[in-house]
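Thanks for coming, everyone. Let me put the structure up, and then we will walk through it.

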Amino acid sequence: KTHISKKYPQSPFDIECILDSEKKYIEVKSTGGEKKVFYMSKGERKFMDMYKQRYLLVLVTNVKSKHKKYSVYERKEIMNSSKMEQECQSIKFIVKE
C-alpha cells in the first residue's frame, strides 16, 4: 500500500493498494461523533465516478475517542444509501443504515 495523499496532498484519494490482485483507491473520511456524515469535494466525487469498481471509502467515526469505529463502502453503496446536497463546492453525504 502507498499513502498517496501524504506525498500529494491534492490527490483525490488517500491510499493506493492491491486487494485480490486488483489496484484499489481508498479515500478515508472521519468524524468526531457517531453520525456518519462526511464531505466530498467535486474532484473526489469525479475520481470516485471514474474508478467505480476500484474505489473504496473508509469512514471512521468517533475519531477523537478511544472507541473508534470504521465502515468500508463501495461507490454503489455510497450512492444508493446516501442523500446528497450541494454545499460550497462540496457534496454532503449522510449514510442511512
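Let's begin with the aromatics. This is a predicted model, and five aromatic pairs are counted in it. Take one of them, F13 with F47. Their rings are stacked. The centres are 5.0 Å apart, and the planes make an angle of 25°. Stacked here requires planes under 30 degrees apart, so 25° qualifies.

Where do the two partners sit? F13 is in the loop between helix 1, residues 4-7, and strand 2, residues 15-19. F47 belongs to helix 2. They are 34 residues apart, so this pair links distant parts of the chain. Buried or exposed? Both F13 and F47 are buried. They also belong to a cluster: F13, Y25, F47 and Y51 form one aromatic group.

Now step back to the whole chain. There are three helices and eight strands. In sequence order, the pattern reads β-α-β-β-β-α-β-β-α-β-β. The chain has 97 residues, and 38% of them count as buried. Consider the contacts with a separation of 6 or more: 45% of these come from residues 24 or more positions apart. As for the surface, the chain exposes about 6,800 Å². Carbon and sulfur atoms supply 49% of that.

Back to helix 2, which covers residues 42-50. Which of its residues are buried? They are E44, R45, F47 and M48. An α-helix has 3.6 residues a turn, so residues three or four places apart point the same way. What does the face turned away from the buried side carry? There we find the exposed residues K46 and M50.

What does the E27 side chain meet? One of its polar atoms lies 3.5 Å from the backbone nitrogen of D14. The side chain also makes a polar contact with the side chain of K29, at 3.4 Å. Leaving out residues up to four places away in sequence, E27 touches P12, F13, D14, E44, Y55, L56, L57 and V58. Two names on that list came up earlier. F13 is in the stacked pair, and E44 is among the buried residues of helix 2.

Now the neighbouring topic, strand pairing. Strand 2 and strand 3 pair in the antiparallel sense, over five bridges. Within that pairing, I15 stands opposite I26 in strand 3. The two strands form a hairpin with two residues between them. In this hairpin, D20 takes a positive phi near 50°.

One more residue, I18. It is found in strand 2. Is I18 buried or exposed? I18 is exposed, with a relative accessible area of 58%. In general, the side chains of a regular strand alternate between the two faces of the sheet. I18 and R54 are 36 residues apart along the chain. Their C-alpha atoms are separated by 9.9 Å.

To wrap up, keep two residues in mind. I18 in strand 2 is exposed at 58%. Questions, please.

Conventions
Residues are numbered from 1 along each chain as its sequence is written. This is a predicted model: local features need pLDDT of at least 70, side-chain atom pairs count only at pLDDT 80 or more; totals for chains, interfaces and linings use all residues. Side-chain values use heavy atoms; hydrogens and water are left out. Helices (H or I, at least four residues) and strands (E, at least two) are DSSP runs, numbered from the N terminus. Buried means under 20% relative accessible area, exposed over 50%, partly exposed in between (1.4 Å probe, protein chains only). Contact means heavy atoms within 4.5 Å. Accessible areas come from the Shrake-Rupley method with a 1.4 Å probe; for residues, only the protein chains shown count as cover. A polar contact is a pair of N or O atoms within 3.5 Å; within protein, one must be able to donate a hydrogen and the other to accept it, and residues adjacent in sequence count only if both atoms are side-chain atoms. Rings of Phe, Tyr and Trp (its six-membered ring) pair if their centres lie within 6.5 Å; planes under 30 degrees apart count as stacked, over 60 as edge-to-face and the rest as tilted. Two strands pair if DSSP finds at least two bridges between them.
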